[in-house]
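Q: Please take a close look at one helix in this structure, and describe how it relates to the core and to the charged pairs elsewhere in the chain.

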Amino acid sequence: MSDIKKSNRKESKLETIHTAYSIRKAVTKLAENNFYISETKIENIIAEKIKMFPDDEQKRIKDRTYEYFKQQIKHSTNKVIDYACGISQHLRIANTIFPSYMSEFEERRLEMDRAMACCNALQDELQYIGECLYADLNRFTNLVLEIQKEFNMIKALRQSDNRFLKNIK
């Protein structure tokens with residue numbers, strides 16, 4: 001019964017922050033597990049790739065390709081963690097601004113825009129990891145849905161800020 005009431009009521013600023021932390025935790029867990037990238041698939045790609053090269057070149061190509069995937073995982077790990085951190089960071093900054101002037105209202109709105117941008121960039125990077133680094137996209141589905149929910153909550157929060165406009169100097 002409480003779940004029904006919860007789904008019908010408006011999300012609070014605090015729920016939006018808690019969801020951001022939940023996303024950050026899930027992203028960290030994905031990164032800890034190398035995004036569940038299929039090593040077998042990577043090995044098969046490398047095995048297929050090195051066939052095109054002479055025997056004396058194969059080890060070098062194999063090592064270089066493994067290094068490429070290692071660098072991509074490291075790069076993507078840093079990006080997804082930065083984006084996940086950015087969501088909560090920009091929300092916290094926005095929530096510290098209680099606008100009395102139009103410039104403060106605009107700054108608060110801009111911080112929420114930045115949090116929403118982090119949501120979109122995070123989804124994009126997860127899509128890249130799934131498609132280009134051969135991760136299991138099924139493992140990302142719930143997280144992507146949670147990020148979309150967060151985006152929508154921030155958007156609603158941003159819209160509710162219009163209440164400040166009548167008191168802006």
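**Helix H6 and its surroundings**

A: Helix H6 is made of 20 residues and reaches 29 Å from its first C-alpha to its last, close to the 28 Å expected at 1.5 Å a residue. The model is predicted. The buried residues of H6 are Leu-143, Ile-147, Glu-150, Phe-151, Met-153, Ile-154, Leu-157, Arg-158 and Ser-160. The list includes Glu-150 and Arg-158 as well as residues such as Leu-143 and Phe-151.

One of these buried residues, Ile-154, is also among those with the most contacts inside the largest nonpolar core, together with Phe-35, Ile-87, Leu-122, Leu-126 and Ile-129. That core has 35 residues. H6 (141-160) gives two or more residues to the core, and so do H2 (13-32), H3 (39-50), H4 (55-95) and H5 (102-132).

Ile-129 gives a view of the core from another position. Apart from neighbours within four places in sequence, Ile-129 is in contact with Phe-35, Ser-76, Val-80, Tyr-134, Ala-135 and Phe-140. Of these partners, Phe-35 is itself listed with the most contacts inside the core.

Next come the charged pairs. Side chains of opposite charge can pair when their charged atoms come close. The structure holds 11 salt bridges. In one of them, Asp-161 pairs with Arg-163, with 3.4 Å between the closest N and O atoms. Asp-161 counts as buried at 2% relative accessibility, whereas Arg-163 is partly exposed at 38%. Elsewhere, salt bridges that share partners join Glu-107, Glu-111 and Arg-114 into one network.

Glu-125 and Lys-79 form a salt bridge in which the closest N and O atoms are 3.6 Å apart. Glu-125 lies in H5 and Lys-79 in H4, so this pair ties together parts that are 46 residues apart in sequence. The Glu-125 end is buried, at 7% relative accessibility, while Lys-79 is partly exposed, at 26%.

By contrast, Glu-57 and Arg-60 both belong to helix H4 and are three residues apart, which means about one helical turn separates them. Their side chains meet in a salt bridge of 2.5 Å, N to O. Glu-57 has a relative accessible area of 25% and is partly exposed; Arg-60 is partly exposed too, at 44%.

Key. Residues numbered from 1 in each chain as written. Predicted model: local features only at pLDDT ≥ 70, side-chain atom pairs only at ≥ 80, totals over all residues. Heavy atoms only, no water. Core = buried A, V, L, I, M, F, W, Y, C linked by side-chain atoms within 4.5 Å. Buried < 20%, exposed > 50% of the residue type's maximum accessible area, 1.4 Å probe, protein only. Helix = DSSP H or I, 4+ residues; strand = E, 2+ residues; numbered from the N terminus. Contact = heavy atoms within 4.5 Å. Expected span 1.5 Å × (residues − 1). Salt bridge = Lys/Arg side-chain N within 4 Å of Asp/Glu carboxyl O.
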